[in-house]
Amino acid sequence: MSSRNAHAPEITNQPPPYSGYNAFVCDQALGEACATFGAAWVAAKATTLGAAAGDERVQKLAHDANRHEPELRTYSAAGERIDEVDYHPAYHDLMTLAFESGVHSLAWTAGDEGAHVGRAVLSYVWNQIENGVACPVVMTYSAPPTLALDPDIDAAWGQKVIAEAYDPELKPIADKASATIGMTFTENQGGSDLRANESLAVKAESNGAGVYALSGRKWFCSAPMCDAFVTLAQTEAGPTCFFLPRILPDGSRNAFHVQRLKEKCGNRSNASSEVEFDNALVWRLGEEGRGIATAIAMAQYSRSECAIASAGIMRYALSLALHFCANRRSFQKSLIDQPLMAQVLADLAIESEAAMWLGLRMSCAIDKGASDETEWTLARLLTPVSKFWICKRTPPFVAEALECMGGNGYVEDHVVARLYREAPLNGIWEGSGNVVALDVLRALGRHPEIADVFFAEVAPARGQNGLLDKAIGELESQFSGDGPTEAGCRRFVSQLALVLQASLLVRHAPEATAQAFCNGRLGAEHGFIFGSGQDTDAIHAILQRAAPALAA
Ligand SMILES: Cc1cc2nc3c(=O)[nH]c(=O)nc-3n(C[C@H](O)[C@H](O)[C@H](O)COP(=O)(O)OP(=O)(O)OC[C@H]3O[C@@H](n4cnc5c(N)ncnc54)[C@H](O)[C@@H]3O)c2cc1C
């Protein structure tokens, strides 16, 4: 029997919740990119994770983990200093799902061609589930090559860090099934300028060779319940990287204290804290005085992940907007059939696909760069270019997707509001926009061969769109002239990104998508806002390609 209140108005024209889909299977472009970059083998794992993305139960976990924020418990009931963070059970369930799915580790365990691409695909899908958990995931993903700098740490921790398991208990590493790793570099007086770090490590070799005592404070330490951290401190020889376990080998707690949790714009499921070290025992990673280089080597992986994660956020926001507009009518038509809305959605779809192709091409270069110098050079360029560009495009993208959903977009029930708060973050951490754009200049200075590698990469796309050819020509002039200045490098890096994205779409995407991207981003049709292109027949084809498989 219906329980509907006879006096209550019938609710109509409200789209059903966006669930019951598979975020991998319904993403045609993603499947094509997987195959193109040698990671077709990841389909089984990605399909399982893609189903989780559309699972109402998992979606509720993501909601709960962000609604019920972590809390710091500084002291035990007996007054002992414990520095524990309590999370909602949903957070632990999400951590279990992410780590058991290998989102943090597949790049190091797959052993197949395209291992970093395969992991990036999982991360792209994961970022359509929940973004706070993505923080410990990416830090743990980035850690193995840095931990391998010390054979003893590698022996004790290496396999635990890549295990497909989540073990949140605080205990000695020998007793753990798996381990999570955080990074804490940023200090109060400056995060971008790591040379300004003041925390100090002095040799404490009575505890063993390579052991130091670390004192100081860090202004940002996300996921402080990780089992260990990579950190940076001054030594007599200059900034040096260290490994800091929360539990010492004898089972006692290290002198790692959580001062407070930050109250943040978004990313609320993830505890981001300020921490203090009080003669904490730490193990040196790499040479004394070479800590910035060691940290930056680790950051290459985490920066690449910021680009992938932001591409995933774009795709999620797009899917939500497409679903909403397909199920909401206004002025006698579905919103998706209103010509101006179709234009906006198609433009977002093009942007999202371009971000995905650029991100996975970068991951492919990371894979191949292990044995191919040209690809290594390309990865050195693509990592900061992708981090800069994709992360910069995400906030306006999500804002536009939110607006497609009208007032509902601004309301927490519809998820995109959470994505809106999340959207700027990947642009900030692991090197903010300017810092990453300047890193492109640094790469060009240190590796002049980057120019040849870049033009060889885009060469196969020449001759297929006049605007793209012209844009490549303009970049050739810039490379052969004085090159970009510091003050001009945002524009330069943006042009590199657009030409790379256009070349990838021309080579791999349907003609409608590629031509619309070139015309809308490189030509006179270029506008300052999404959806400012011309009405073309291509819009329908672009929307069909992007439309998610909706719930039955
Ligand atoms: C939610 C969150 C979690 C975080 N978690 C961690 C963590 O776990 N571990 C960790 O180590 N850090 C973490 N961070 C810190 C983050 O990495 C830094 O905020 C970031 O690197 C920028 O440093 P800063 O905040 O000190 O900004 P600043 O260094 O003060 O920079 C401010 C602005 O100036 C720009 N700028 C700096 N130098 C130049 C220049 N030479 N030319 C032009 N522009 C410049 C930057 O691009 C930025 O836009 C986190 C940050 C956030 C927001």
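A residue is called buried under 20% relative accessible area, exposed over 50%, and partly exposed in between. The model is predicted.

**Exercise 1.** Find the phi value of Glu430, locate this residue in the chain, and decide whether it is buried, partly exposed or exposed.

Solution. Begin with the backbone: phi of Glu430 is near 65°, which is a positive value in a residue other than glycine. Most residues other than glycine have a negative phi. Finally, apply the cut-offs: the relative accessibility of Glu430 is 22%, so Glu430 counts as partly exposed.

**Exercise 2.** Carry out the analysis for Asp83, giving its phi, its element and its burial class.

Solution. Phi of Asp83 is near 50°, again a positive value in a residue that is not glycine. Asp83 is found in strand 2, which spans residues 81–86. Its relative accessible area is 4%, and because buried means under 20%, Asp83 is buried.

**Exercise 3.** Describe the surroundings of the ligand, from individual atom pairs up to domains.

Solution. Start with the shell, in which 20 residues surround the ligand, the closest being Phe185, Thr186, Gly191, Ser192 and Ser222. By residue class, this shell divides into nine nonpolar, nine polar and two charged residues.

Then take the atom pairs. A polar side-chain atom of Ser192 lies 2.6 Å from an oxygen atom of the ligand, while a backbone N or O atom of Met183 lies 2.8 Å from a ligand nitrogen atom. For Ser222, a backbone N or O atom lies 2.8 Å from an oxygen atom of the ligand. The ligand on its own has 970 Å² of accessible area, of which the protein covers 65%.

Now assign the shell to elements: two or more residues each come from strand 3 (181–184), strand 5 (211–222), helix 15 (425–428) and helix 16 (433–446). At the level of domains, domain 2 (176–293) and domain 3 (294–546) both give residues to the shell, so the ligand lies between them.

Key: Residues numbered from 1 in each chain as written. Predicted model: local features only at pLDDT ≥ 70, side-chain atom pairs only at ≥ 80, totals over all residues. Heavy atoms only, no water. Near = heavy atom within 4 Å. Polar contact = N/O pair within 3.5 Å; in protein donor to acceptor, adjacent residues only side chain to side chain. Areas by Shrake-Rupley, 256 points an atom, 1.4 Å probe, with all protein chains shown as cover. Helix = DSSP H or I, 4+ residues; strand = E, 2+ residues; numbered from the N terminus. Nonpolar A, V, L, I, M, F, W, Y, C, P; charged D, E, K, R; others polar. Domains from an automatic or database assignment. Buried < 20%, exposed > 50% of the residue type's maximum accessible area, 1.4 Å probe, protein only.
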